[in-house]
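Q: Hi! Could we go through the charged pairs in this model together?
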Amino acid sequence: MQPKKLRRVLVSSRATVGWLAVLAPSLIGKVWGLDSPLHSETKYLVRLFGIRNAVLAYQLYQAERPDAGTDELEEALRQGIAIDALDLAFVLFSKTHDGERPLGRTAPGLAAAAGIALGMLSRENPELTEDRDD
């Protein structure tokens with residue numbers, strides 16, 4: 001698949017998950033395996049996560065505009081990759097109260113891994129970019 005199409009998938013998935021977390025935090029909580037009903041503090045944190053994803057989607061979307069600088073797209077992709085890598089690290093190394101590693105964190109871990117993969121595959125090949133500029 002072409003990097004531009006992969007970026008569209010990345011923007012769409014980030015925006016969808018982000019707005020779902022903002023508008024329906026209980027639904028995201030169920031996907032993440034959180035105990036229902038969610039406390040108001042937990043809903044607040046899920047919404048913060050959603051806002052973060054919505055902003056990342058918007059930032060990447062804006063980096064694709066025709067008048068954007070050449071480094072803007074690469075910077076937006078790098079930031080998303082870094083955030084997803086931190087998310088994945090927290091999922092992999094977090095433990096429950098009894099010291100066990102939770103299997104219920106599969107969905108966030110897979111989402112973070114998919115974000116990293118899509119971000120890496122969405123990067124433009126520098127050699128091809130130089131050829132188009134000439």
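Q: First up, is R78 buried, exposed or partly exposed?
A: R78 counts as partly exposed, at 44% relative accessibility; buried means under 20% relative accessible area and exposed over 50%, with partly exposed in between (1.4 Å probe, protein chains only). This is a predicted model, where local features need pLDDT of at least 70, side-chain atom pairs count only at pLDDT 80 or more, and totals for chains, interfaces and linings use all residues. Residues are numbered from 1 along each chain as its sequence is written, and side-chain values use heavy atoms, leaving out hydrogens and water.

Q: Thanks! What does the side chain of R78 meet in a salt bridge?
A: That would be E75, at 3.2 Å, N to O. A salt bridge here is a side-chain nitrogen of Lys or Arg within 4 Å of a carboxyl oxygen of Asp or Glu.

Q: And which residues are in the network?
A: Salt bridges with shared partners join E74, E75, R78 and R123.

Q: How many salt bridges are there in the whole structure?
A: The search finds nine.

Q: Switching topic: which salt bridge does R7 make?
A: The R7 side chain pairs with E124 at 2.8 Å, N to O. They sit 117 residues apart, R7 in helix α1 and E124 in the loop between α5 and α6; helices are DSSP runs (H or I, at least four residues), numbered from the N terminus.

Q: Are the two buried or partly exposed?
A: R7 is buried at 3% relative accessibility, while E124 is partly exposed at 26%.

Conventions:
Helices (H or I, at least four residues) and strands (E, at least two) are DSSP runs, numbered from the N terminus.
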